[in-house]
Amino acid sequence: YGVLFSVLPPHNVDGVVWRLVLWDTAVRPEVSLPSEVVYRAATVVVLVYSAGSRESIGAVSKKLKEIREFAPRGTPVALVGTAADLPETQRVVPAVEAMGLLSDSAPAE
């Protein structure tokens, strides 16, 4: 499909068994899996973007729409920014803008 994924062995944390499945959909952005497959069993979603790339924050915006449509209602979303060590002059995506995407995409109650 043009994506990388890893399935880690289950871990027992305080009596709760967690299974971690990581999907790297940025490998070939022009190829995507059906969103229902990726998100339907999610208990949390972590999205990563680069503070030095306007393209990456655009991809996050698109993924947030898919998550809100296909993930179970109330699925938490964590947003992680990379390249935070870039000088201000090279950051094209301010943290406040990225965090705004999360509040803008919150489902209506």
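The points below take up the basis of the model, its fold, its core and its salt bridges.

1. This is a predicted model, in which local features need pLDDT of at least 70 and side-chain atom pairs count only at pLDDT 80 or more, while totals for chains, interfaces and linings use all residues. Residues are numbered from 1 along each chain as its sequence is written, and side-chain values use heavy atoms, with hydrogens and water left out.

2. The protein has three helices and six strands, where helices (H or I, at least four residues) and strands (E, at least two) are DSSP runs numbered from the N terminus.

3. In the largest nonpolar core, which has 15 residues, Val 45, Leu 47, Ile 57, Val 60 and Ile 67 touch the most other members; such a core is a set of buried Ala, Val, Leu, Ile, Met, Phe, Trp, Tyr and Cys residues joined through side-chain atoms within 4.5 Å. Helix H2 (54-70) is among the elements that give two or more residues to this core, and H2 gives the most, with four residues.

4. A salt bridge (a side-chain nitrogen of Lys or Arg within 4 Å of a carboxyl oxygen of Asp or Glu) joins Glu 97 to Arg 54 at 2.5 Å, N to O. This pair links helix H3 with helix H2 across 43 residues.

5. Lys 63 and Glu 66 form a salt bridge, with their closest N and O atoms 3.6 Å apart. Lys 63 is buried at 17% relative accessible area, and Glu 66 is buried at 14%, buried meaning under 20%, exposed over 50% and partly exposed in between (1.4 Å probe, protein chains only).
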